[in-house]
Amino acid sequence: MEILSCRINHMQQPLGFAMEHVTASWIADSDISKHQEAARIKVALDRQMSCIIYDSGKKRELESTGVELPLKLEPRRRYYWNVQVWGDAGDEAVSDVNWFETGKRKEAWQGEWITTPWEDKGQHPCFRKVFQVPKDFGEKIEREDAFGARLYVAGAGLFHLEINGRKVGEEYLSPGCNALDGWVQIYTYDIGNYLRPGKNVIGVMLGNGWTKGRFGTFREINRPYVPEFLLRAELRFEVRDGNETVIATGADWKCVPSPVLEDGIYDGEVYDAGREISGWSLPEIDDSDWEIAVTAIPDNLGPLEDRLSLPVVIKEKRNPVQVIHTPAGEQVLDMGQNMTGWIRFQVQEPKGARIRLSYGEVLQDGNFYNGNLRSAKAEYMYISDGKKRVAEPHFTFYGFRYVRVEGLSHPVNLDDYVGCVVYSDMEETGTVVTTDSRLNRLYENAKWSQKGNFLDVPTDCPQRDERMGWSGDAQVFCKTASYNMETYAFYKKYLHDLWKEQKMCGGMVGNVIPSFLPGKSEIPSPVQGGSAAWGDAAVIIPWTLYRHYGDKEILKCQYPSMKAWVDWVKEQDEADGGKRLWSTGFQFGDWLALDGPAKGGTQGGTDTVLIASAYYKYSAELLGKSAEILGYKTDAEYYSLLSKEVREAIQDEFYTKNGRSAVPTQTAHVLALAFDLVSDSVKAKTAEGLMSLLKETRMHLKTGFVGTPLLCKVLSENGYSEAAYQLLFQEDYPGWLYEVKMGATTIWERWNSVMPDGTISGTGMNSLNHYAYGSVIQWMYENMCGIELLEPGYKRFQIAPETYGKLSGVKARYRSPKGWIEIEWKVEGNREMKVRVRVPFDTVAIVKLPLSEEEKELSAGEYEFAYQLENDYYIGYSFADILEELLRNPETEKIVRPLAMLLQKIPADMAPPSGLSIQETLESLSPTVKKMLCAQIDTVEMERKLKAVRMEHS
């Protein structure tokens, strides 16, 4: 037996994180046992585990997905722990000793807020403090259990830390993006290895970032949290006698203007290397001419609290794939991938030379372009000091594939540039690989959009003048995100911000979290929040995390927020007469759906009252279930009844007794099935209605942000898996593979963000890195691959892959909270199906073999199955396929080329539109033309030949 992935609050060895509750989890694996028989958790004050402060004892009920530890924690203390597990076959194992360390908690600060004495509060500062470290310090930190040295720091503005000339840690863009009027994060750093006996220096450079720069979606009412740069810090280390030395911010710190002349999340950074003070954070320099910092008492900042933000780090590095010399005479780096982060580059130019890097997502007419970034300049300006240097920004990031380089005295050398891919430090937990390269690219596009937008908050986009945590996007993508990466801690921080701001607004949830609207309680709700599907993130995200990770702590922590949201919606209902429909206030509706009354409009054609009421019903239902799990029986009954009342009101208003929808849109039908809005007796008819609507559009979706994430799932759940696959395989607009065909490397905001001729469809709201529509990846995990939980935390789950005759195989690997789940299915020849399954320790899998009636209940282990199919697997081509697709395939092109050549001879006013199947093309022709064509071509023989060519994508 082996014990892996031991975590506290779903993080490995967390240092200085908020610890309101302490939850231990782990993953065990065994070659002998199938299930955990018992477990035991110990917590100690020393690494040798001799000073035990908690011992659970050997217990059966300790569940590996989350055990709350009843600890009374002290501030700034390291705790050690391990877990012992017994298997049902008699084997056992003890984990390595792990640790977690508290931050300052509610301990009083010795450090004060400091700022600069300058009249110009926009001038960027460097702060510095010289201090002494005793000679015996190095000996002390080498001892195994020594506390060593810690730095606790908070900033209003982002901070870049150095000690003795070295950058502290591997984090960037600290202290993250959060609602500063609700709380200010304290970051903790282990700096023992940065100090040395004798004179030492701590240096801190501050930038605007999210705190005081230009930022926010609502422009004229967004304003900075503070008008000045602020820093608060404590550096603590112990000496031999056990006493502690504290170096705290105060009026004995010094400051000097920084080389950063300008910075902003949207516009970028201007850095003048000529203004650097060489060795500014080294003890050797003379700082006698530096000015004295002054203390400050900020007006608009919330209380200091230990951090929840995961570290933002450089997760990957990418080399540019080529230099493009554009028709406009530009030198443009092509990174080969739309990404988030920045370029790190080597430069040596004459003093005063200005090297400008401009970032964009797409080329236009072969030239650099970033018009879709709206007002965001997205630049990095480096002013040379004449020396050979490595340059990169400190306080900003960019969303880009292409980088225009200007100001060099020589041609661009690719070896001088590297792309730094930056996002929150989350482990990847899932992969899906199919035998179709287009689907693989789609999967990678969704994962890259997650990487690009999971930068401390789940943003909508990383490139234009927005980059905000829209709650609707976060909600619809949460399940997909949690398959791809370990997201529990990431979302917990987001939900913490959500609740902080929600309390300021009487229970209403913001459309964006954080809102960057200080004084938000006075701002009208259409701007601030209160919209269905967006505000429902307060309920749906905690519920999704509970189900996915099996730790009910997230429900306990967020329950007040969940309840406050549903109560706020109910207040809107009551103020409107208590009809149990949500019919007031601003609603986004089915955002960016294609069935709206206005061409190119943002709101779809589905009644917003239906959408809002559907989410009202769904959130009340989930809140009732959460209350039941937490033991709040009165609330469970109350919100369960409320959900039923809303459901009845929806049925009375929007559906006939026979199940016919009064709202004839795809999304209305999807919501009816996904949220259980109609009775069981008419669900089949509702699903048929959805299929009829899809057939009217030749199997093209018309759904937006509300309907799209649920569409394929609803089809599969109601017996139309093939239709879900047909939607997935659509290569023309609107469809997922249209983007792939157009060369996308991330998910687009709009189905037609780029037109077939390569031109961008608009600049008002057009991101090429927007993950919401990538939520189809959830369907790929759960239906194409067949992995779907039956009990929280995958204690019990199902593997039931859905196959399709255009796809010959799929392989998926997902590290669940219980361990690795693996599924591979493939078709060999035309009749042999092979399936391989891995079931992790302490779980049960219900395996339904594809294209078979056989169902098996399997415990931990690896299994292989091979069996013969009764019918041929692969789908043959036919007249039902689109002519353009048939012409792209060499095997079918030679069959239909004669027909295509004849169609080209038809006069323009009689020619059929493109994008039709052969059958539809023939039906659209006049009888005379159709007769003429059939006289020249044997369509029966053509159809026979087409069916003989099978649709296998491998």
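**Figure 1. E466 sits in the loop between β36 (457-458) and α4.** Helices (H or I, at least four residues) and strands (E, at least two) are DSSP runs, numbered from the N terminus. E466 counts as buried because its relative accessibility is 6%. Buried means under 20% relative accessible area, exposed over 50%, and partly exposed in between (1.4 Å probe, protein chains only). The E466 side chain makes a polar contact with the side chain of W470, at 2.7 Å. A polar contact is a pair of N or O atoms within 3.5 Å; within protein, one must be able to donate a hydrogen and the other to accept it, and residues adjacent in sequence count only if both atoms are side-chain atoms. The model is predicted: local features need pLDDT of at least 70, side-chain atom pairs count only at pLDDT 80 or more, and totals for chains, interfaces and linings use all residues. Residues are numbered from 1 along each chain as its sequence is written, and side-chain values use heavy atoms, with hydrogens and water left out.

**Figure 2. The largest pocket has a volume of about 1000 Å³.** Of its 31 lining residues, the closest to the centre are Y618, A674, K713, E717 and Q778. Two or more lining residues come from each of α4 (471-484), α7 (537-549), α9 (608-630), α11 (666-674), α13 (708-717), α16 and β37 (787-789). Helix α9 gives the largest share, 6 residues. By class, the lining has 15 nonpolar, 5 polar and 11 charged residues. Ala, Val, Leu, Ile, Met, Phe, Trp, Tyr, Cys and Pro count as nonpolar, Asp, Glu, Lys and Arg as charged, and the others, Gly among them, as polar. The search runs on a 1 Å grid over the protein atoms alone: a pocket is an open set of points with protein on both sides within 12 Å along at least five of seven lines, a cavity is a set of points where a 1.4 Å probe fits but cannot get out, and lining residues have an atom within 4 Å of a point. Grid points are joined across faces, edges and corners, and a volume is the space filled by probe spheres set on the points.

**Figure 3. Helix α16 (residues 776-784) is mostly covered.** Of its 9 residues, 9 are buried. They are V776, I777, Q778, W779, M780, Y781, E782, N783 and M784. G786 follows α16 and has a positive phi, near 90°.

**Figure 4. Strands β1, β2 and β5 form an open antiparallel sheet, in that order.** The edge strands are β1 (2-8) and β5 (67-68), each pairing on one side only. Two strands pair if DSSP finds at least two bridges between them. β1 and β2 (residues 23-29) pair over 5 bridges in the antiparallel sense. R7 has S25 in β2 as its bridge partner. S5 also lies in β1. Its phi is positive, near 50°, in a residue other than glycine. S5 is buried, with a relative accessible area of 18%.

**Figure 5. The largest cavity holds about 140 Å³ of space.** Its lining has 16 residues; the closest to the centre are R7, H10, I27, E486 and P817. β1, β2 and β39 (809-816) each give two or more residues to this lining. By class, the lining has 5 nonpolar, 8 polar and 3 charged residues. Across the whole structure, the search finds 5 cavities of 30 Å³ or more.

**Figure 6. An open sheet of 5 strands runs in the order β34-β39-β40-β41-β44.** The pairing is antiparallel. β34 (430-434) and β44 (861-868) are the edge strands, and each pairs on one side only. From one strand to the next, the twist averages 5°. Strand β40 (residues 819-828) pairs with β41 (residues 832-839) over 7 bridges. V827 stands opposite M833 in β41.

**Figure 7. Two cis peptide bonds are shown, S174 to P175 and Y733 to P734.** Most residues other than glycine have a negative phi, and most peptide bonds are trans. At the bond between S174 and P175, omega is about 10°. P175 lies in the loop between β13 (166-167) and β14 (184-190). L173 is found in the loop between β13 and β14. L173 has a positive phi, near 55°, and is not a glycine. L173 is buried, with a relative accessible area of 4%. At the bond between Y733 and P734, omega is about -10°. P734 lies in the loop between α14 (721-728) and α15 (736-741).

Notes: Axes are lines fitted to C-alpha atoms, for helices over the stretch in contact, and angles run from 0 to 180 degrees between N-to-C directions.
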